[in-house]
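Subject: Structure handover

Hi,

Here is the structure I promised you. Please open it alongside this email.

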Amino acid sequence: MFSVNLRHKKCVYKHMQNRILATTALMAFASMLANAQNPTHTPPTPAQIVANQVARLTKLLDLNSTQQASATTIFTTEETALATIRTNMHTARTALQADIKSGNAVDITTQATTIGGLTTQEVEAQGTADAAFYAILTADQQSKYESLGPRGGFGGPGGPGGPGPHGTH
């Protein structure tokens, strides 16, 4: 009688394990399916990037309305320049990859030069925006801004994590 009861408990336990495993697998599948329904991620627009940046800086530095308007203009100009640079950078990197595959040394040099020039433009646009923004801050705000790190805590090229694979953004 004791062995029958033990066998029954083992059977019930095994059945529960199978149900838990099946439920877990079903939940994992449902999660994957839900994520697959929206496979494309729409990146924020330049206006959204600027609005988020100004809102963050307003919170951190207590910007007044005049400073907010100036910052919006400064960072909109920067984002407009960077959008063009990013597009050209993507084109140059795509061409570079094609040149690497074809072994075209002359065009590899051309694309490398183009990428170098675009990187210079990127740093210049960011530096110009940073200088203009810094100039509208009070001494106290400048001190706080400096304590946030490079670019006010936004990270360097490519954002907080740095450049993506092969330096792309």
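Below is what I found in it, from the whole chain down to one residue.

Overall layout

Please keep in mind that this is a predicted model. The chain has 5 helices and 0 strands. Read from the N terminus, the order of elements is α-α-α-α-α. The chain has 169 residues, and 22% of them are buried. I also looked at contacts between residues at least 6 apart in sequence: 62% of these join residues at least 24 apart.

Nonpolar cores

The largest nonpolar core contains 12 residues. Its members are Val-50, Val-54, Leu-57, Leu-61, Leu-63, Ala-71, Ile-74, Phe-75, Ala-129, Phe-133, Leu-137 and Tyr-145. Helix 2, helix 3 (65–102) and helix 4 each give at least two residues to this core. Helix 2 has the largest share, with 4 residues.

Helix 2 against helix 5

Helix 2 covers residues 46–61, and helix 5 covers residues 139–147. Their axes are 10 Å apart, and the two helices pack at an angle of about 115°. They are therefore roughly perpendicular to each other. The crossing of helix 2 and helix 5 is right-handed. On the helix 2 side, the contact is made by Leu-57, Leu-60 and Leu-61. On the helix 5 side, Gln-141, Lys-144 and Tyr-145 take part. By type, the residues of this contact are 4 nonpolar, 1 polar and 1 charged.

Helix 4 against helix 5

Helix 5 also meets helix 4. Here the axes come within 9 Å and cross at roughly 140°. Helix 4 brings Asp-130, Phe-133 and Tyr-134 to the contact, and helix 5 brings Gln-142, Tyr-145 and Glu-146. The residues of this contact divide into 3 nonpolar, 1 polar and 2 charged. Look at Tyr-145: this residue is in the contact with helix 2, in the contact with helix 4 and in the largest nonpolar core.

Asp-130

Is Asp-130 buried or exposed? Its relative accessibility is 18%, and the cut-off for buried is under 20%. Asp-130 therefore counts as buried. This residue sits in helix 4, which spans residues 105–135. Which residues does Asp-130 contact, leaving aside neighbours within four places in sequence? They are Tyr-145 and Arg-151.

Best wishes

Definitions and conventions. Residues numbered from 1 in each chain as written. Predicted model: local features only at pLDDT ≥ 70, side-chain atom pairs only at ≥ 80, totals over all residues. Heavy atoms only, no water. Axes fitted to C-alpha atoms, helices over the stretch in contact; angles between N-to-C directions. Parallel < 35°, antiparallel > 145°, perpendicular 65-115°, else oblique. Left-handed = near helix turned anticlockwise from the far one by under 90°. Contact = heavy atoms within 4.5 Å. Nonpolar A, V, L, I, M, F, W, Y, C, P; charged D, E, K, R; others polar. Buried < 20%, exposed > 50% of the residue type's maximum accessible area, 1.4 Å probe, protein only. Core = buried A, V, L, I, M, F, W, Y, C linked by side-chain atoms within 4.5 Å.
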